[in-house]
Amino acid sequence: MWRDHLTEIIVFSLLFLLVSAMGFVAARWRAPRDMAHLDEWGLGGRSFGGWITWFLVGGDLYTAYTFVAVPALIFGAGAAGFFAVPYTIVIYPLVFLVLCRLWSVSHRHGFVTPADFVRNRFDSPILALLIAITGIVATMPYIALQLVGIEAVLKTMGVTGDSALARHLPIIIAFAILAAYTYQSGLRAPALIAFVKDSLIYIVILVAVVYLPYKLGGWGDIFDAADAKFKASPAPGDGILLNANNQLQYVTLAFGSALALFLYPHSITGVLASKNRDVIKRNMSALPAYSLLLGLIALLGYMAIAAGVKPLPGAKAGSVDGNTVVPLLFDSQFPDWFAGVAYGAIGIGALVPAAIMSIAAANLFTRNIYKEYLKRDASPAQEANVSKITSLVVKVGAVACIVFLDPQFSIDLQLIGGVIILQTLPAVALGLYTRWFHRGALIAGWVAGMGLGMWMLYQIGNPATGKKHFAGSAFPLEKFGFDTTKTIYVGIVAVLVNLAVAALLTLVLRAAKVADGVDATTPDDYFADEGDPRVTPGTERDADVAPEPVA
Amino acid sequence: MAAPEPEAPTTARSRAKDHSPWNWLLFIPIVVPLIPAFFNADSPRLFGFPRFYWLQLAWIILGVATTTLVYQMTKKRGGDR
């Protein structure tokens with residue numbers, strides 16, 4: 001069956017080879033004096049200007065999840081899947097305010113990860129370890145999600161076999177190549193590839209949103225076809241508008257996801273790699289161009305309904321793989337060669353974020369576990385080396401997720417990751433504004449939020465698929481004893497409880513005069529900009545080192 | 001045992017950089033897109049798009065306009081440093 005897709009396979013392979021070559025060459029791009037340093041390998045020398053940051057962060061935040069899972073959600077559930085649009089509008093004002101401060105303090109102190117910041121701000125290696133582990137665990141399913149994106153494309157082209165190994169072999173090869181050039185070039189590889197990825201995606205989507213409605217009878221007909229499908233379906237929650245029960249879920253999911261997104265280690269890596277505060281602020285006005293793209297991509301789900309696309313069967317008998325609707329739509333509506341370009345865009349769209357995420361997770365391990373607990377006197381070269389090896393391990397873990405778990409639940413996996421990462425909000429995001437919280441209270445809040453979040457996720461079943469636990473992130477409020485059919489996003493509830501516990505215990509611990517450590521940062525650190533005196537990264541680690549003199 | 005360290009001693013120059021009242025405007029694009037009453041309806045349609053879709057896409061422009069305005073109003077003046 002792959003013979004029917006020969007043109008697509010050739011175009012896809014050529015594009016894939018092109019970016020792989022770019023990935024290896026990237027080590028020499030804007031070449032540093034010394035690549036054996038975590039600032040170079042893991043943050044691209046902290047030197048990226050406006051354009052590179054735009055492509056890098058855009059390529060980082062709008063992932064294969066965007067191109068495959070969001071339209072799949074719209075295809076399956078309708079309006080509820082459109083939460084991705086408000087979610088990516090709300091995030092930029094938040095970043096504008098919060099991450100600029102993180103950039104400044106990290107620039108001053110040479111922090112590479114959010115856990116580095118927490119370690120110095122709250123003088124607590126345990127809290128930093130929790131933040132680091134949270135980041136790594138939340139990132140793993142996110143990387144796995146990228147693989148799902150590639151897999152959906154490969155499946156549509158018919159290059160995946162039936163046995164477990166044959167089904168995953170192309171992905172394993174793709175990831176082996178990705179792992180090799182990330183190992184060599186670090187953050188420079190995804191930064192360079194992001195140019196190709198985003199250009200392809202803009203071309204494909206612009207063509208799709210002009211050409212497909214023309215072929216399918218116009219936007220009005222597309223929405224009407226979707227409306228007709230949802231009216232005919234027995235599921236209560238779908239439709240092209242929200243109903244009374246899922247509005248709260250829609251809003252809390254959009255807001256919670258936005259809060260979660262900029263706490264993810266990979267977004268922070270992208271932001272820290274920029275060269276000054278102005279680059280970040282200007283990008284917050286320019287990045288929403290991707291949100292427009294995302295909104296249009298989401299609507300591909302309705303186009304698939306209007307075009308009568310039937311998703312391919314899933315891994316289990318009787319199930320369908322909703323993630324294949326967009327590749328199938330392209331396959332049925334576009335000429336073969338252009339479908340190949342579109343597949344290349346999705347495939348490369350998975351590689352860029354997967355590379356950045358694995359780098360971010362590797363940096364967390366190196367700085368906050370290896371250097372903190374295993375080898376305190378690690379040299380910058382050793383740090384870079386450990387990070388490179390860890391990035392390989394992380395990718396193997398992500399591949400294992402895909403091979404052993406049902407990819408149908410990719411979006412839910414990512415939503416679980418979102419709930420987890422939200423629990424770092426009090427320490428990381430609020431910590432940038434205030435040192436009021438007691439370090440012990442933050443740890444207790446994290447435990448409470450995490451415990452509640454996991455319990456709530458465990459309670460969520462999906463009658464349609466027969467899954468009893470972990471089937472989504474929309475929690476029915478009736479389980480708390482409220483007399484209502486409304487649902488709410490788990491992450492918001494968990495982080496509110498986290499905050500409440502942290503605040504109450506802070507009062508208690510302060511009253512009991514429990515030691516609270518020393519803040520190694522000064523208020524002025526949070527406004528530092530390019531050109532300010534900066535410590536050599538990697539030398540200042542211990543909180544008892546005297547704070548930097550005020551500039 | 002250390003006393004808590006509030007962020008009180010912020011210098012005047014830093015305040016000028018980061019504590020501008022213009023920043024409060026940023027709450028508009030955070031709050032407005034999260035009110036379903038504005039957009040959860042079919043009519044009026046625009047180019048075939050129900051209001052739910054075109055209005056939420058229009059909030060993107062609201063977000064861009066606000067962040068651009070705040071950036072322009074709060075960015076460092078030439079002689080500041």
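Are F223(A) and Y302(A) buried or exposed? Both F223(A) and Y302(A) are buried, where buried means under 20% relative accessible area, exposed over 50% and partly exposed in between (1.4 Å probe, protein chains only).

1. Basis. This is a predicted model, in which local features need pLDDT of at least 70, side-chain atom pairs count only at pLDDT 80 or more, and totals for chains, interfaces and linings use all residues. Residues are numbered from 1 along each chain as its sequence is written, chains are lettered from A and ligands numbered from 1 in the order in which they are written, and side-chain values use heavy atoms, with hydrogens and water left out.

2. Confidence. Chain A has an average pLDDT (the predictor's confidence in each residue, from 0 to 100) of 81, and 91% of its residues score at least 70. Residues 536-551 of chain A fall below 50, and this stretch has 31 contacts in the model beyond near neighbours in sequence; contact means heavy atoms within 4.5 Å. Where pLDDT is low, the predicted coordinates should not be read in detail.

3. Chain A overall. Chain A has 21 helices and two strands, taken as DSSP runs (helices H or I, at least four residues; strands E, at least two) numbered from the N terminus. Of its 551 residues, 65% are buried. Among contacts between residues at least 6 apart in sequence, 83% join residues at least 24 apart.

4. Aromatic pairs. Over all chains there are 34 aromatic pairs. Rings of Phe, Tyr and Trp (its six-membered ring) pair if their centres lie within 6.5 Å; planes under 30 degrees apart count as stacked, over 60 as edge-to-face and the rest as tilted. F82(A) and F52(B) form a tilted pair, 6.0 Å centre to centre with 45 degrees between the planes. This pair crosses between chains, from the loop between α4 (64-77) and α5 (84-109) of chain A to helix α4 (residues 51-74) of chain B. F82(A) is buried, at a relative accessible area of 0%, and F52(B) is buried, also at 0%.

5. A pair within chain A. F223(A) and Y302(A) pair edge-to-face, 5.6 Å centre to centre and 70 degrees between the planes. F223(A) lies in helix α10 (residues 219-232) and Y302(A) in helix α14 (residues 288-306), 79 residues apart. Ring pairs link both into a cluster whose members include F82(A), W219(A), F52(B) and Y53(B).
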